[in-house]
Structure formats: C-alpha cells, structure tokens
Amino acid sequence: MEEDDVTIREQNFHSQVREYIICFLLFAVLYIVSYCIISRYKRKSDDQEDEDAVVNRVSMYLCTFTLAMSGGAVLLLPFSIISNEILLSFPQNYYIQWLNGSLIHGLWNLVSLFSNLCLFVLMPFAYFFLESEGFAGSKKGIKSRVLETFVMLFLLGLLILGIVWVASALIDNDAASMESLYDLWEFYLPYLYSCISLMGGLLLLMCTPVGLSRMFTVMGQLLVKPTILEDLDEQIYCITLQEEALQRRLNGLTSSHSHRLNKDLDNVRDQRAKLERRKKASAWEKNLLYPIVVLILLAGTTISVLLVALNILYLLVDETAMPKGSKDQGLGNTSLSTFGVVQAVLEIILMFYLMVSSVVGFYSLRVFEGLTPRKDDTTMTTIIGCCVSILVLSSALPVMSRTLGITRFDLLGDFGRFNWLGNFYIVLSYNLLFAVVTTLCLIRKFTSAVREELLKALGLDKLQLSNSPTDPESGKLSANGHQKTL
C-alpha cells in the first residue's frame, strides 16, 4: 500500500515537473519572438548609455513579457482545440501522454494570471517608470525614479479600486453584494478583469468588422493586382517626369521652404517603385495570386458571418449555446466539432483570421492611428500603448470566439468566470451587432468602386478633389498643390 502511494506521488511529481518544463519552453519561444518584433520597431536613438538607457531597457523587457502573454492568449483556444482532437485520434499513444487536461487547464490559468499582472501592474509600472524624473528635492537617480513609480502605482490602484467599489455598489445593492465589496481577491480582481474583458470584447466588436473589410485593401497593397488595359511603361514615364520636375524645383529652393516638396517627392518615388514592382512581377503573380487571395479572404469573412448567424438561431432556441466556463480538466473525451478534425482546423484558421483582422482594424481607426508602429522609429511610450492594446484584444479573443459561436470549446480557468457571459441579452446583442456591422462594412467596401464610377459619370468627383491638394488615386498633384501638369 505504501509503495503504491509512493508511486502515485512520484507520478504526480514528474507530471508537474513536465508541465512546468513545457510551459517554460512555450513561454521562452513566445518571449524570443516578441523580443525580435519589438527590437524591429524600437527607435534606435533610444539606445544611450546612461540612466535613461536602463529605464528604456527595463520598459522594453516588460513590454516583451506583455507581448509574449498576448501571444499566449491568442494560442490558448487553438492549442486546446487541436489537443482535444489529437487525444481523440490517438488515445493510447505513449508519446502524447504529456498532452492532458491538467496541462491545458494550467496554461489557461497561467495566461489569465499573467495577463492580469501585465495589465494592472507591469504596463503601468513601465509607463510611470519611463515618465518619472524623481521627486523634487530628492537625489536624481534610478532609486528616486523607482520610488516615484511605486507611489504613482499605489495612487492609481486606490483610484481604480475606488471606481470599482462605487460602480459595484451602484449596480448591485443587495446584502450579499455589499458584503463582497470588502473581499479584494475573490471579488475585486475578478470583477475588474470582467469589466476589462467586456471592454476588450467591445473593442474587438469595433475593430474586427473594420479590419475584415480593410484586409482586402491591405492585400491589394502587398500583392500585385492584375493589369487590365493599363500601360505601365507610360505610367512609369509620366511619374519619372514628375520626379524630375520636383527635383528641379527643390534644387532652386532653400532648405527652409523645401519640406513640402520633399514630402511630395517621396510620395512620387514610392509610386514609381510600386509601378516598377508591378512591371517586374510574373504573369501568375499578376493574374492568379491576387484573385485567389481575395477569394480566400471573402470565403473566410462569409463563413464567419454565417457561423454567427447560426449561433444567433441557436441562442434563440437552445440555452446551451450560451458561452460558459468549465472546471472539468477532462480532455479527449468527446469532439466538440461536428465534422471532426476538418472543422477544428477551420475554427482555428478563423480565429487567427479574426485576430489579424482586429489588429488591422485597430490601427485603421483614426483614434488609434497614432499608435501605429514604424520600423526603427517607434518610441517606448508608443510601444507600451501597442502592447496594452494588443493584450486587451488577445485576451478577449477566446471570449469573443466562444460568444460568436466560432467554436463550441468551453472557456477554462478565469476566462469562464466573467459576469456578463451569463447575460442572454448582452450575448445576443453582441452577435447581432457583429453580423450587421460586418455585413455593412463589406457592402460598403465592394460598392465603393461603383460609387466612384457614378460620381465620375455625374462629374461630382471634381468637387471632392477640389478640397484636397493631392489626388489619392492617381498620386498627381492637383491645382491647389505645387504642380498639376509637367
């Protein structure tokens, strides 16, 4: 009997060690990838050898950790779905015994914990530490800046706790809720993270439809469009003449008056480079690749809208369609996909597609255009804002995927404890808004060309172009700009 107990304890010990090693390896890969991404966009002028260099380095490490947690949140649901299908296909395989419910559940809990830590502690600390200068009258240095940062964090924590206390007291004024107001760990933090998740879900609801329609434009910029009835040689010749004319005007001006012309010259050179790239592209890239990519994007968007429409019907007739959390660590018992592995792969592709679209839509909104990172020219403050935004979006992605019915995999850990997930009207309204807004964005996107042709036929396009110095379609300078014709 004692030998059996020892054997069980040894197995549990080895299982925990194996899970810790797997979690560490996954985090190490995410951290390295995140560090490479931030290093690519971080401004090189920030690399000094002084006190500010230490502050920038600490902030960069914290941003890298946050971005790694964002990647982990994005991969949670796909990793769980594919693990469930693998265990169903190979239930007795010795080499995949490490892939169990305990590992998956532990990953969900770790990502939830460290996402909270990054959102409420590490990112505010990085921002305040970057902006701190030390208290007036104190000795300048790292210690004084750290002290000021902790004081600011303490005051920020008191402010947030006060807001949550007042909001929860106004919403739930019964006796049980009033008693729970004094429970910090079991009430405040889950309630606060539930509010943040709702904000992240609303942000995804705002960004994803915009990103789904914007993806077609982005692909048009990255790929070479088919050339139909176009003479690229003539266009290159005209744009070259424009470039030479602008260059001659720059040579005759002083440096104080040449800023606008330099900007126009850069735009003309960019257009010439794009035309030359279109000319050098192969025939299959011109005529086949772009239509295939557009069809794939259109199919992905259409399938997403259809799944949301089906989920709305399920919500109206079946209460089990409501998103809910699960504490069961069992994995590999039943398949949550009707068509097995094929549907599971499709769900994972749609999740990544929605995440990419939400990021594209986020940076396409005018409110967040200032956070757009630029290669080798992004300040640490902007990087902190980007990391916080991506963390909020990625943390809400599993919840949004389950709420919209993209997958039937139940949310694990603290992701399934959000209060608003049990509200039928919030979930139904979320699905309806997503379907309607996405459909309207796509209609607006694909009818824009027809509208432009109608405006040209009626002669109304000239009224729009007269208000701007540059024609965005042709790239030629208008009459109000510096140069219209050569």
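In this predicted model, the axes of helix α2 and helix α3 (residues 101-131) come within 9 Å of each other and cross at roughly 155°. Because angles over 145 degrees count as roughly antiparallel, α2 is roughly antiparallel to α3. The crossing in which α2 passes α3 is left-handed. Sorted by class, the residues in the contact of α2 with α3 comprise 22 nonpolar and six polar ones, with no charged residues.

Helix α2 spans residues 51-89 and helix α11 spans residues 380-403; the two pack at an angle of about 15°, their axes lying 8 Å apart. They are therefore roughly parallel to each other. Here too the crossing has a stated hand: α2 passes α11 in a left-handed manner. On the α2 side, the residues that meet α11 include N56, S59, M60, C63 and T66, and on the α11 side they include M380, I383, I384, C387 and I390. By class, this contact of α2 with α11 holds 15 nonpolar and seven polar residues, and no charged ones.

Helix α11 also packs against α10, at an angle of about 145° and with the axes 10 Å apart. The crossing of α10 and α11 is right-handed. From α10, the contact is made by M351, L354, M355, S358, F362 and Y363, and from α11 by C386, S389, I390, L393, S394, L397, M400 and S401. The residues of this contact of α10 with α11 divide into 10 nonpolar and four polar, with no charged residue.

| Helix pair | Angle | Axis separation |
|---|---|---|
| α2 and α3 | roughly 155° | within 9 Å |
| α2 and α11 | about 15° | 8 Å |
| α10 and α11 | about 145° | 10 Å |

Salt bridges form a separate topic. The structure holds one salt bridge, formed by R43 with D377, whose closest N and O atoms are 3.2 Å apart. R43 lies in the loop between α1 (2-41) and α2, while D377 lies in the loop between α10 (341-364) and α11, so the pair ties together parts that are 334 residues apart in sequence.

Confidence in the prediction remains to be described. The mean pLDDT of the protein is 77, and 74% of its residues reach 70 or more. Over residues 463-486, however, the pLDDT is below 50, although this stretch has 38 contacts in the model beyond near neighbours in sequence. Where pLDDT is low, the predicted coordinates should not be read in detail.

Note on methods: Residues are numbered from 1 along each chain as its sequence is written. This is a predicted model: local features need pLDDT of at least 70, side-chain atom pairs count only at pLDDT 80 or more; totals for chains, interfaces and linings use all residues. Side-chain values use heavy atoms; hydrogens and water are left out. Axes are lines fitted to C-alpha atoms, for helices over the stretch in contact, and angles run from 0 to 180 degrees between N-to-C directions. Helices (H or I, at least four residues) and strands (E, at least two) are DSSP runs, numbered from the N terminus. Angles under 35 degrees count as roughly parallel, over 145 as roughly antiparallel, 65 to 115 as roughly perpendicular and the rest as oblique. A crossing is left-handed if the near helix is turned anticlockwise from the far one by less than a right angle, and right-handed if clockwise. Contact means heavy atoms within 4.5 Å. Ala, Val, Leu, Ile, Met, Phe, Trp, Tyr, Cys and Pro count as nonpolar, Asp, Glu, Lys and Arg as charged, and the others, Gly among them, as polar. pLDDT is the predictor's confidence in each residue, from 0 to 100. A salt bridge is a side-chain nitrogen of Lys or Arg within 4 Å of a carboxyl oxygen of Asp or Glu.
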